[in-house]
Amino acid sequence: MKISKKAVTKVPLSTNGELILYFIGCGSAFAKTLKQNNLLVAKGQENVLIDCGGTCSQSLFEAGVSLRDIDTYLITHSHADHVGGLEEVHMMGRYVLNKKPKMIINETYEKILWEQSLRGGTEQSEKNPLKFEDLWDVIRPKRLDGMPRETEEVNMGTLNIKMPRTLHFPDSVTSWKDCAWSCGIILDDKIFFTSDTRFDRDLIEDYDDLFDFEMIFHDCQLFTGGVHASLDELCTLPRQLREKIVLMHYGDEWKQYLKKAEDAGFHSWAQEGHTYTF
């Protein structure tokens, strides 16, 4: 893995075959000095935006990227810092670009995303009520057999994407089977981007046993409790796993925890505006 030495001035939207991750932001939902934890992935002629929070389009604009430059969207769950920018995307597609944006989404989550997040601000925009399929060009992932838990897969050009279910919210449930729909992202069987998740040892250990990840980008809350994995909880993972974990989705006070993370052997903290090339 190669990390850019400084924030890039040219955001990668295509590559010569390398897999490049660009962190639009790395902050938690409540961070004020950090942008939202949304990720742009590029490989070959394909790019995929993983999550599109309420400030995502502004953050991309400041980096010289327009929403019209994004090929495909993939949403991991329905919190505002991950879905808040989608109305702008599909409204611009329908009324400015005259082209539906593409989204990788299964039938289960499509219904949730539409009924609980997008329908209210969109359905009555025209004389005839709009539906999800009027606004989005849907790409359906396929369910995989033999995985440790529910996992779906799609190929975008040479980029392979797997989507295992995660344990995120509410905090009252103890299994991914009982929680609201959410997923992590596995890229080319070597990079695991957990998105938001509570501490879920089985998720990390089971999939690392299968794929022996080169790098794991993991949700990291700086206190224990609620619906995110905490730094203290992540410290209980085996050292060989900690050494390939890049911490992300953290709060403004993250610099106070630099020594703790270093002593625990974590690889690093995600850096917004930087690229990670594999």
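Reply: Contact here means heavy atoms within 4.5 Å. The model is a predicted one. With that cut-off, the buried residues of helix H6 (residues 201–211) pack against strand S9 (151–156), strand S10 (159–164), strand S11 (185–187), strand S12 (191–193), strand S13 (215–219) and helix H8 (239–242).

Me: Which residues of H6 are buried, and what puts them on the same side of H6?

Reply: The buried residues of H6 are Leu203, Ile204, Tyr207, Asp208 and Phe211. They cover an arc of only 105° around the axis, and therefore they lie on the same side of H6. In general, an α-helix has 3.6 residues a turn, so residues three or four places apart point the same way. Just after H6, Asp212 takes a positive phi of about 50°.

Me: Why is Ser28 called buried?

Reply: Buried means under 20% relative accessible area. Ser28 has a relative accessible area of 15%, and therefore it is buried. Ser28 lies in the loop between strand S2 (19–23) and strand S3 (39–43). Leaving out residues up to four places away in sequence, Ser28 touches Asp81, His249, Tyr250 and Gly251.

Me: Why is Glu123 called buried?

Reply: The relative accessible area of Glu123 is 17%, so Glu123 counts as buried, the cut-off being under 20%. Glu123 is found in the loop between helix H4 (107–118) and helix H5 (132–135). Residues up to four places away in sequence aside, Glu123 touches Trp114, Asn128, Pro129 and Leu130.

Me: What makes the pair of Glu123 and Gln124 a polar contact?

Reply: A polar contact is a pair of N or O atoms within 3.5 Å, and residues adjacent in sequence count only if both atoms are side-chain atoms. The contact between Glu123 and Gln124 joins side chain to side chain, at 3.4 Å. The pair therefore meets both of these conditions.

Me: Why is S3 described as largely enclosed by the rest of the structure?

Reply: Five of the five residues of S3 are buried, so S3 is largely enclosed. Both of its faces are covered, with Leu39, Val41 and Lys43 buried on one side and Leu40 and Ala42 buried on the other.

Me: How do you know that S3 pairs with S2 and with strand S4 (residues 46–50)?

Reply: Two strands pair if there are at least two bridges between them. S2 and S3 share five bridges in the antiparallel sense, and Tyr22 has Leu40 as its bridge partner in S3. S3 and S4 are also antiparallel over five bridges, with Leu39 opposite Ile50 in S4. The hairpin of S3 and S4 has two residues between the strands, and Gly44 there takes a positive phi near 60°.

Me: Why are strands S1 (2–3) and S7 (137–139) said to stand at the edges?

Reply: Eight strands form an open sheet of mixed pairing, in the order S1-S16-S2-S3-S4-S5-S6-S7. S1 and S7 each have a single partner strand, so one side of each is left without a neighbour in the sheet. S1 is joined to strand S16 (residues 275–277) by two bridges, running antiparallel. Lys2 has Thr277 as its bridge partner in S16.

Me: Which residues have the most contacts inside the largest nonpolar core?

Reply: They are Leu21, Tyr73, Leu86, Ile161 and Phe217, in a core of 81 residues. Apart from neighbours within four places in sequence, Tyr73 is in contact with residues including Leu49, Leu67, Val89, Met103 and Trp136.

Notes
Residues numbered from 1 in each chain as written. Predicted model: local features only at pLDDT ≥ 70, side-chain atom pairs only at ≥ 80, totals over all residues. Heavy atoms only, no water. Core = buried A, V, L, I, M, F, W, Y, C linked by side-chain atoms within 4.5 Å. Buried < 20%, exposed > 50% of the residue type's maximum accessible area, 1.4 Å probe, protein only. Helix = DSSP H or I, 4+ residues; strand = E, 2+ residues; numbered from the N terminus. Polar contact = N/O pair within 3.5 Å; in protein donor to acceptor, adjacent residues only side chain to side chain. Arc of directions from axis to C-beta.
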